[in-house]
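Colleague: I have this one open now and would like to talk it through with you. Could you start with the ligand site?

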Amino acid sequence: MRVAVVGIGGAGSAALRFLAQAGHETVGFEQFTVGHDRGSSHGDSRIIRYTYPDPLYTRLMADAYPLWDALEREAGEELFVRCGGLFIGPPDHPDMAETARSLTENGLPYEMLSPDEVRERYPAFRLQPYERGLFQQSSGFLRAGRCVLANVRIARERGAILCENAPVREIRRQRDRVIVTTETGIKEAFDRVIVTAGAWIGDLFQPLRLPLTVTRQQVVYLAVEEPTSVFEPTQFPVWVDVDTWWYGFPLEGRYPGVKLACHQLGEAVHPDRVHREADRSYAEEAARYAHTRFRGVTDRLLHSLICLYTNTPDEDFIVDRAPGMEGVWLVSGCSGHGFKFTVLLGKIAADLATREDCSYDLQRFSIARFHV
Ligand SMILES: Cc1cc2nc3c(=O)[nH]c(=O)nc-3n(C[C@H](O)[C@H](O)[C@H](O)COP(=O)(O)OP(=O)(O)OC[C@H]3O[C@@H](n4cnc5c(N)ncnc54)[C@H](O)[C@@H]3O)c2cc1C
């Protein structure tokens with residue numbers, strides 16, 4: 001089968017790899033160069049975790065984990081840092097309680113740690129007496145940018161063709177083929193097309209009126225004091241504060257500091273018009289938070305970056321056939337928590353497009369849910 005993938009970020013790069021590995025004639029179109037920093041999948045880290053208050057996502061992660069392991073093996077490089085993860089909050093907070101229930105339901109181990117136990121194991125952390133740390137050992141972080149590059153490299157080794165700096169402007173059904181037209185007027189015909197255009201998918205499919213809100217999200221790296229060993233992945237898991245939704249990472253290797261961000265919706269933007277400098281006020285807020293949560297994190301901003309969320313109203317993804325356009329499949333709406341699923345979303349999209357086969361109930365991810 002001849003299959004196009006439009007948008008080679010997190011989900012698209014995975015789809016490209018699965019299609020090429022299955023022996024399909026695969027062509028990827030990316031509007032920028034692969035690995036660019038204007039979408040949602042750039043940078044050094046994204047949290048991977050089973051810990052979700054919603055058991056659907058915990059279950060999906062059971063299928064995503066082995067796919068990440070396989071990517072790492074095939075790529076022959078470290079893409080997944082297995083440092084464990086802490087959900088922090090009052091034990092009766094709905095997100096703590098639901099997450100514990102979801103883990104139990106799925107037979108996954110976890111520990112509920114007191115503030116003293118957390119300090120003993122992870123000396124940089126400071127919990128309030130009323131808080132607990134829900135520790136889950138399978139959490140960690142994915143080296144996001146490198147995962148995208150690894151998928152693409154393997155796909156190309158298996159014969160995939162990649163067209164970079166090739167914005168797709170139109171996708172249209174013509175008789176039994178789907179025609180993809182780029183900005184420069186190149187037209188190519190395919191049996192199937194998978195569109196993984198992230199924050200730009202609404203522009204490509206305007207008649208569908210997808211209720212997506214793209215937001216500008218900020219991330220900062222703050223310098224840490226000696227001894228920096230307490231911020232290494234062996235002593236500093238990834239963490240999420242369920243009360244405030246600040247979250248963060250251990251030292252990742254590139255900067256001598258820790259990354260943190262807040263999972264709250266930033267300013268709504270168009271993806272082509274985004275102010276790419278982080279706000280000073282955001283860095284100050286991050287430092288204020290870090291002082292309450294950690295010993296040894298300073299105010300000194302080492303680095304910042306801007307990234308985009310593509311939000312659906314219910315924060316569930318979109319994985320569906322494009323209505324009225326046979327042979328075209330859409331994946332987007334990852335709503336700020338999708339990177340850990342991109343490998344699975346790429347696999348599902350590749351299977352749906354080429355085999356019309358999928359063992360998942362995709363009702364929650366349908367486009368129809370927006371229009372009922
Ligand atoms: C600050 C921040 C922190 C996050 N933290 C986490 C986390 O800890 N854990 C987690 O699981 N998730 C996290 N996420 C969410 C996750 O990163 C995203 O959900 C995921 O990367 C989305 O991948 P995608 O493939 O949908 O989009 P992208 O990776 O952005 O890919 C879309 C691609 O399509 C291309 N494209 C668009 N239109 C066209 C066109 N017309 N023609 C050709 N190419 C086109 C774009 O250039 C882009 O490369 C975070 C996101 C942000 C912003």
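This is a predicted model: local features need pLDDT of at least 70, side-chain atom pairs count only at pLDDT 80 or more; totals for chains, interfaces and linings use all residues.

Colleague: Fine, how many residues surround the ligand, and which are the closest?

Modeller: The ligand is surrounded by 37 residues, and the closest of them are E30, H36, S41, I47 and C307. By class, that shell is made up of 19 nonpolar, 15 polar and 3 charged residues.

Colleague: Where does the ligand lie relative to domain 1 and domain 2?

Modeller: It lies between them, because residues of the shell come both from domain 1 (2-42 + 145-208 + 314-370) and from domain 2 (82-139 + 213-311). Among the elements that each supply at least two shell residues are the helices α1 (10-21) and α8 (339-355), together with the strand β14 (213-224).

Colleague: What about S41, how far is its polar side-chain atom from an oxygen atom of the ligand?

Modeller: That distance is 2.5 Å, while a side-chain N or O atom of K340 lies 2.8 Å from an oxygen atom of the ligand. For G336, a backbone N or O atom is 3.4 Å from a nitrogen atom of the ligand. On its own the ligand has 1,000 Å² of accessible area, of which the protein covers 97%.

Colleague: Switching to the cysteines, how many disulfides does the structure hold?

Modeller: It holds 0 disulfides; for C83, the nearest cysteine sulfur is that of C147, 14 Å away.

Colleague: And is C83 buried or exposed?

Modeller: C83 counts as buried because its relative accessibility is 10%, which is under the 20% cut-off, whereas C163 is partly exposed at 22%.

Terms used:
Residues are numbered from 1 along each chain as its sequence is written. Side-chain values use heavy atoms; hydrogens and water are left out. A disulfide is a pair of cysteine sulfur atoms within 2.5 Å. Buried means under 20% relative accessible area, exposed over 50%, partly exposed in between (1.4 Å probe, protein chains only). A residue is near a molecule or strand if one of its heavy atoms lies within 4 Å of it. A polar contact is a pair of N or O atoms within 3.5 Å; within protein, one must be able to donate a hydrogen and the other to accept it, and residues adjacent in sequence count only if both atoms are side-chain atoms. Accessible areas come from the Shrake-Rupley method with a 1.4 Å probe; for residues, only the protein chains shown count as cover. Helices (H or I, at least four residues) and strands (E, at least two) are DSSP runs, numbered from the N terminus. Ala, Val, Leu, Ile, Met, Phe, Trp, Tyr, Cys and Pro count as nonpolar, Asp, Glu, Lys and Arg as charged, and the others, Gly among them, as polar. Domain bounds come from an automatic or database domain assignment.
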